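Please look at two sites in this model. The report takes them in turn.

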Amino acid sequence: MSLENSQKILGIVTEYNPFHNGHAYHIEASKSLAGADFVVAVMSPHFTQRGEPAIADPHTRAKWAIGSGVDLVIALPTLFSTASAGYFSYGAVSILNALGIVDSLCFGSESGDIEHLKSIQKQMLLAQSEFQMAQREDPSLSFQNHRDKFIKIQNESTDLSGSNDILGLGYMDALHRLNSTIVPLTIQRVQADYKATSLTGSISSATAIRSAIGNSKDFDPLGDLNSLSETVPSHVARDLFSKEGTVLMPDLSLWQEWVLFELRRSTVSQLSSIHDMAEGLPQRMKSKAIEHEEYHNFENALKTKIYTTGRLKRVMAKLLLGITKQDLKNDFLTQPEYIRILAFNEKGRQLLSEMDSSLPVITNAKHFRPATPSANRQWEIDCTASDLYHLLLKGNVRRGGHMFRQTPLYIK
């Protein structure tokens, strides 16, 4: 069975950390806006752009997506999933573009106004020389960092509303740089602010849902599952907890202990080699790690107006994963080197048979042989991320090498 010329394929970029009702709305509204027959999602794997381990492993989260309207889920390499908005969006769009079959990309935004975002994008294109000059004056920050700073200034001087608008501009910028034929679309986010920390009914932020689960000290399986099912699909709620009432998520406190350990163990010179580690930050991070006993006190003492919590967590994730400045030294030359399939349904199987990918497609890691040093390095980082992630889990799943045992999920 081959795709018909009239059939449209929609691309989306996701984390699903966890999948909730707002995500389900995004999928259906995006399909309607794009007139799409198929949906392909590029998803962060074990670690997210927050710089933290995801609430569930990538195959579980991919299963949630397939159960809610997505046809094919592809992993975004960890090198990009733990990076700032510019790298994150460029990596994800590069994968969608490499598939050779995607017609449109639809993202949620605060403004919901694609024409307004296009006007900001034009201003960005005119300011490229300013980014380059700023980078020469301050080489401690990359071109992407200076670009992100410009967008934040635009955010303050226009009615550009928030982080999803900014990420959307990243997707549009990537499409332009790749000379892609993929058409950008946007829908307005509904109800919950992504920063909201309390549940707000049927559509709550992923942050609020993670907070509610993490604070379930006295877990009541029946009551908590019923409450959680109001804001996430029922099949997601069932997966988030075991039958015994144990939260099936990585131990974030253990991850935080690793951060303090690594900061105390590493020299300033070693810390300076980590990607996005600005001048003066290694000394500050090391001294605060030595000074404080508890991670939360350390984090509060560390952050400033310049060093936001998000950026600091990404730097700390890169430290534990060993991601260096050398790994992302070329802003727009470093691209994903492979397409790793996480899950698909029957329609997704059809897409796999039809796509004309310019990158190698991984369906069985045992057979994958990286063709370039860059591909090998990205694969090393992905494998390290998987091994560390499983060490954060409970039970008999802490053994390493999971990447070589898990094949894509086919969900009928």
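The sections below cover the basis of the model, then each site.

## Basis

This is a predicted model, in which local features need pLDDT of at least 70, side-chain atom pairs count only at pLDDT 80 or more, and totals for chains, interfaces and linings use all residues. Residues are numbered from 1 along each chain as its sequence is written, and side-chain values use heavy atoms, with hydrogens and water left out.

## Asp71

Asp71 sits in the loop between α2 (58-66) and β3 (72-75). Helices (H or I, at least four residues) and strands (E, at least two) are DSSP runs numbered from the N terminus. Asp71 counts as buried because its relative accessibility is 3%; buried means under 20% relative accessible area, exposed over 50%, partly exposed in between (1.4 Å probe, protein chains only).

The Asp71 side chain makes a polar contact with the side chain of Asn345 at 3.0 Å. It also reaches the backbone nitrogen of Val39 at 2.8 Å. A polar contact is a pair of N or O atoms within 3.5 Å; within protein, one must be able to donate a hydrogen and the other to accept it, and residues adjacent in sequence count only if both atoms are side-chain atoms. Not counting residues up to four places away in sequence, Asp71 touches residues including Asp37, Phe38, Ile66, Lys347 and Leu351. Contact means heavy atoms within 4.5 Å.

## Ser273

Ser273 is in the loop between α13 (268-272) and α14 (281-291). Its relative accessible area is 33%, so Ser273 is partly exposed. A polar atom of its side chain lies 2.7 Å from the backbone oxygen of Gln270.

Ser273 touches Thr324 and Lys325, not counting residues up to four places away in sequence. Ser273 and Thr324 are 51 residues apart along the chain, yet their C-alpha atoms are separated by 5.6 Å.
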